Amino acid sequence: MKGQFGNLDDSNNMISFTNLLFVPGNRPERFEKAASAGADMICIDLEDSVPEDQKEEARSSVLSALTELERKKTAVRVNGMKTKAGLADLLALVESEHQPSVILLPMIESATEVEIVQAIIGDRIDGLIPLIETVRGLRAGDEIAASEGVAAMMFGGGDFSAELGTKMEWEPLLVARSQFIMCCASANVAAVDVPYIDMSNDVGLDEECKKAKQLGFRAKAAIHPKQLATIQKVMRPSDADIAEAKEAIAAYDAADGKAISHNGHMLEAPIMERYRRILASV
């Protein structure tokens with residue numbers, strides 16, 4: 001059984017958020033500000049943004065914040081499951097009276113890691129989001145995406161580009177992104193794209209969001225609140241998209257589900273799936 005989080009309808013296990021705002025776990029004064037920034041969901045990060053000597057303090061801050069933050073809009077990225085800090089994060093969340101809606105699992109390279117986390121955390125949360133950040137993880141991507149409890153997967157471009165020895169840009173990572181999308185599609189889980197790291201380049205962010213959406217990503221992460229407006233504008237269905245979907249579905253239903261020509265385009269079952277997904281995400 002898949003995780004409950006964000007199912008669009010009975011036939012999909014797609015998440016409904018289009019943006020995920022990261023906030024450092026060692027900056028508790030920013031938690032509420034991030035939560036009120038208008039993001040679909042915030043992710044408090046205990047991994048890369050927190051120095052080793054601040055891991056315990058950050059963990060305590062997160063556990064305290066979970067008592068006040070809106071659960072369904074809160075995620076936590078723990079440290080890697082192959083690290084002492086990661087195991088401590090997971091056990092602390094299990095024992096807490098308050099859990100986030102979602103847990104992000106970094107540097108996942110096998111389905112076994114996800115299975116262990118799912119066995120420990122169980123139904124205390126709504127879903128897991130493994131991060132695929134290495135070649136080894138990508139090669140196991142089909143099995144990871146199909147693991148119980150997985151609600152979505154996220155592409156980790158930073159570590160991936162470091163392993164490949166390339167810049168964290170679109171073209172060098174296009175093949176890896178494309179393979180990642182295939183893994184998500186094979187298990188019918190949503191794909192979340194890596195943040196755009198040039199915070200001063202609004203045009204570049206807009207272009208990368210459009211490319212990610214065209215490739216099949218359902219959401220994109222952000223590292224600053226000012227990125228949210230662009231991500232939301234691009235990743236969410238436009239009014240025109242919604243109107244087109246409603247009209248196409250009405251025409252298809254009127255034809256009793258038979259393949260028809262509509263406004264010069266063929267409507268048949270696979271095409272209708274995209275239109276239904278658009279409406280379900282509104």
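Modeller: Start with D206 and K210, whose side chains meet in a salt bridge at 3.0 Å, N to O. Keep in mind that this is a predicted model.

Colleague: What makes the contact of D206 and K210 a salt bridge?

Modeller: The cut-off is a Lys or Arg side-chain nitrogen within 4 Å of a carboxyl oxygen of Asp or Glu. The N to O distance for D206 and K210 is 3.0 Å, so the pair meets the definition. Side chains of opposite charge can pair when their charged atoms come close.

Colleague: How far apart are D206 and K210 along helix α9?

Modeller: They are four residues apart, so about one helical turn separates them.

Colleague: Why is D206 called buried, and what is K210 called?

Modeller: Buried means under 20% relative accessible area. D206 has 15%, so D206 counts as buried. K210 has 42%. That value lies between 20% and 50%, so K210 is partly exposed.

Colleague: How many salt bridges does a search of the whole structure find?

Modeller: The search finds 15. Another of them joins R136 and E109, at 3.8 Å, N to O. R136 is in helix α5, while E109 is in the loop between β4 and α4. The two are 27 residues apart, and the pair links distant parts of the chain.

Colleague: Are R136 and E109 buried or exposed?

Modeller: R136 has a relative accessible area of 54%. Exposed means over 50%, so R136 is exposed. E109 has 16%. The limit for buried is under 20%, so E109 is buried.

Colleague: M107 is in the loop between β4 and α4 too. What is its phi?

Modeller: The phi of M107 is positive, about 55 degrees, although M107 is not a glycine. Most residues other than glycine have a negative phi. M107 is partly exposed, at 29% relative accessibility.

Colleague: Where is N188, and what is its phi?

Modeller: N188 is in the loop between α8 and β7. Its phi is near 60 degrees, again positive in a residue other than glycine. N188 has a relative accessible area of 22%, so N188 counts as partly exposed.

Colleague: Now strand β5. How do you know that β5 is largely enclosed by the rest of the structure?

Modeller: Six of its six residues are buried, so the strand is largely enclosed. G127, I129 and L131 point one way, and L128, P130 and I132 point the other way. In a regular strand the side chains alternate between the two faces of the sheet.

Colleague: What makes β4 and β5 a pair?

Modeller: Two strands pair if there are at least two bridges between them. One of the contacts is between L105 and its bridge partner in β5, P130.

Colleague: Which residues of helix α2 are buried?

Modeller: K55, A58, R59, S61, V62 and A65. They cover an arc of only 160 degrees around the axis, which puts them on the same side of α2. The face turned away from that side carries the exposed residues E56 and E57.

Colleague: What do the buried residues of α2 pack against?

Modeller: They pack against α1, β2, β3 and α3.

Colleague: Last one. Which residues form the nonpolar patch on the surface?

Modeller: L91, I116 and I120, with about 250 Å² of accessible area together. Take I116, in helix α4.

Conventions: Residues are numbered from 1 along each chain as its sequence is written. This is a predicted model: local features need pLDDT of at least 70, side-chain atom pairs count only at pLDDT 80 or more; totals for chains, interfaces and linings use all residues. Side-chain values use heavy atoms; hydrogens and water are left out. Buried means under 20% relative accessible area, exposed over 50%, partly exposed in between (1.4 Å probe, protein chains only). The arc is that of the directions from the helix axis to the C-beta atoms. Contact means heavy atoms within 4.5 Å. Patches are made of residues with over 30% relative accessible area and no salt bridge: like charges are joined within 9 Å, nonpolar side chains (Val, Leu, Ile, Met, Phe, Trp, Tyr) within 5 Å. Accessible areas come from the Shrake-Rupley method with a 1.4 Å probe; for residues, only the protein chains shown count as cover.
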